[in-house]
Structures are given as structure tokens and as C-alpha cells.
Amino acid sequence: MVTKWNDEYWLLLMQLYLRKPMGTKPLYSRGMVDLALELHLSPQYLYRKMMQLRRLDTPRIERLWNTYANNPHELSKGVKLLRKMQGFNNAATFYEGVEVNESFETEFKPLPECDQLTPMMLVIILDLYFHLTPNTMVEDTPEIKSLAKMMGIRTSLIIEVMDIFQVLDPCLRRTDMPDSCLAVPCKQVWQRFGNDDPTRLAAYAAQLHEYFR
């Protein structure tokens with residue numbers, strides 16, 4: 001992927017790094033994802049840049065640390081000034097030369113069919129699906145209650161998604177698709193992960209949990 005990095009972004013990344021608890025933030029933490037969406041740069045790319053920031057890889061980064069690490073007020077002023085720049089109010093100018101990774105962006109944006117869910121939330125639900133049996137895919141199951149609380153959604157919404165996954169699951173041989181607007185996005189997530197190595201799904205879902213912490 002061709003990415004246009006602007007050195008002024010170091011201020012935004014440093015502010016995130018210094019946020020308590022100070023240090024390198026998890027790949028899919030909310031702060032990392034929000035900044036990635038703002039800059040149209042993938043979380044993976046920003047994570048690598050944050051590792052550079054931690055290691056003081058260049059003289060420029062060393063100067064940034066010397067100037068801002070112990071002066072959060074000046075850092076905040078610099079970040080506010082950067083966000084007031086014309087580019088932040090003009091997407092066409094600000095993102096000129098940036099290849100937008102739509103697959104990354106759509107992963108964290110609300111579904112057109114249901115604004116309470118995002119594709120990455122469906123991934124997390126699918127991971128839980130593979131840890132339950134059909135008779136435990138009910139609202140009073142502790143794991144479902146816990147996941148609903150973590151994501152801030154109704155347990156019934158998780159059950160609706162799992163009902164669709166049960167139809168998509170070839171092991172269950174069910175044919176009656178629920179009358180749900182979520183059938184298409186659930187099928188898309190199933191096609192990505194449903195027949196793949198479950199450890200790959202589990203590892204990705206575990207990283208995505210960081211977004212809600």
C-alpha cells in the first residue's frame with residue numbers, strides 16, 4: 001500500500017503515546033483506531049510508526065521528545081494547531097496522495113443495515129459463536145451477556161446474529177434463514193472466517209477486544 005506520511009502526524013501519535021497509561025497502544029485500541037480513521041492510515045501502519053517513536057529512531061523524533069515529552073501543554077497546543085489547518089477541513093486536500101484502505105475503514109464503520117453494529121463487531125460475535133453450542137446461544141448465557149455489555153448492545157442483537165450464523169454453518173444443516181437485515185453482512189463475515197482456521201479468527205477477535213477496553 002502506498003502511504004503518504006506527513007511528519008506533522010508525529011505530534012498526533014506522540015499525544016496518543018503519552019496518554020495514560022503511557023506507552024505503545026494496542027493495535028486496535030480505540031485511540032489507535034480513531035486516529036487511523038482520522039488520518040486514513042491503517043492501524044498497522046500507525047502501530048509501526050509508534051514503535052519508531054518509542055525507539056527514538058531518528059534525530060527528528062529525538063527533538064520531538066525533547067520538546068514535548070515533558071511539556072504536555074505545548075504538545076496539546078501543537079496538536080490543536082495542526083487540527084485547525086485547512087487540510088483537516090478539506091478531505092480532498094488533506095488526503096491527496098493517500099491510498100485509502102477501504103477494507104480497514106469499513107471494518108470500523110456502522111453497518112448500513114444496523115448502525116449499532118460494525119463488521120468488526122460481527123467478527124467478535126462469530127468468534128464467540130464457535131465457543132458455544134446452539135442450545136447456549138440464548139440471551140441468559142453469561143458469555144453473551146458479557147459480550148453485549150462490553151460492546152454496548154442488546155443481547156437480543158447478538159442472538160439475531162448467531163441465528164444467522166447457524167444457518168450459514170454447514171455443520172448444522174439448517175435452511176431457514178431468519179428474516180433479518182443482517183443476513184448479508186453476516187454472510188460476508190462468515191465467508192471471510194467461517195471456514196478458515198479458527199485460531200486466526202480467535203487471534204484477530206482478541207485484538208479487536210482492545211477497542212472496547
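Author: The discussion below concerns a predicted model and takes up those topics in turn.

Reader: At what angle do helix 1 and helix 3 pack?

Author: The angle is about 80 degrees, and the axes are 10 Å apart. Angles of 65 to 115 degrees count as roughly perpendicular, so helix 1 and helix 3 are described as roughly perpendicular to each other.

Reader: Which residues in helix 1 and helix 3 meet?

Author: Helix 1 contributes W10, L13, M14, L16 and Y17. Their partners in helix 3 are L46, K49, M50, Q52, L53 and R54.

Reader: How do the residues of that contact divide between nonpolar, polar and charged?

Author: Eight are nonpolar, one is polar and two are charged in the contact of helix 1 with helix 3.

Reader: Turning to helix 10 and helix 11, at what angle do their axes cross?

Author: Helix 10, residues 155-168, and helix 11, residues 183-193, cross at roughly 55 degrees, and their axes come within 10 Å. That angle makes helix 10 oblique to helix 11.

Reader: Is the crossing left-handed or right-handed?

Author: Helix 10 passes helix 11 in a right-handed crossing. On the helix 10 side the contact is made by V161, I164, F165 and L168, and on the helix 11 side by A183, C186, K187 and W190. By class, this contact has seven nonpolar residues, no polar residues and one charged residue.

Reader: What does Q166 touch, sequence neighbours aside?

Author: Leaving out residues up to four places away in sequence, Q166 touches Y129, P134, M137, L172 and R174. Q166 belongs to helix 10 and is buried, with a relative accessible area of 4%.

Reader: Now the backbone. Where is the cis peptide bond at P21 placed, and what is its omega?

Author: The cis bond joins K20 and P21, with omega about -5 degrees. P21 lies in the loop between helix 1 (9-18) and helix 2 (30-39). As background, most peptide bonds are trans.

Reader: What is phi of H40, and what is phi of R173?

Author: Phi of H40 is near 55 degrees, a positive value in a residue other than glycine. For R173, phi is likewise near 55 degrees, again positive in a non-glycine residue. Most residues other than glycine have a negative phi.

Reader: Where do H40 and R173 lie?

Author: H40 is in the loop between helix 2 and helix 3 (43-55), whereas R173 is in the loop between helix 10 and helix 11.

Reader: And is each of them buried or exposed?

Author: H40 counts as buried because its relative accessibility is 17%, which falls under the 20% cut-off. R173 is exposed, with a relative accessible area of 76%.

Reader: Last topic, the cysteines. How many disulfides does the count give?

Author: The count comes to zero disulfides. C114 is in no disulfide, and the nearest cysteine sulfur, that of C181, is 6.1 Å away. A disulfide would need the sulfur atoms within 2.5 Å.

Reader: Are C114 and C186 buried or exposed?

Author: C114 counts as buried at 11% relative accessibility.

Note on methods:
Residues numbered from 1 in each chain as written. Predicted model: local features only at pLDDT ≥ 70, side-chain atom pairs only at ≥ 80, totals over all residues. Heavy atoms only, no water. Axes fitted to C-alpha atoms, helices over the stretch in contact; angles between N-to-C directions. Helix = DSSP H or I, 4+ residues; strand = E, 2+ residues; numbered from the N terminus. Parallel < 35°, antiparallel > 145°, perpendicular 65-115°, else oblique. Left-handed = near helix turned anticlockwise from the far one by under 90°. Contact = heavy atoms within 4.5 Å. Nonpolar A, V, L, I, M, F, W, Y, C, P; charged D, E, K, R; others polar. Buried < 20%, exposed > 50% of the residue type's maximum accessible area, 1.4 Å probe, protein only.
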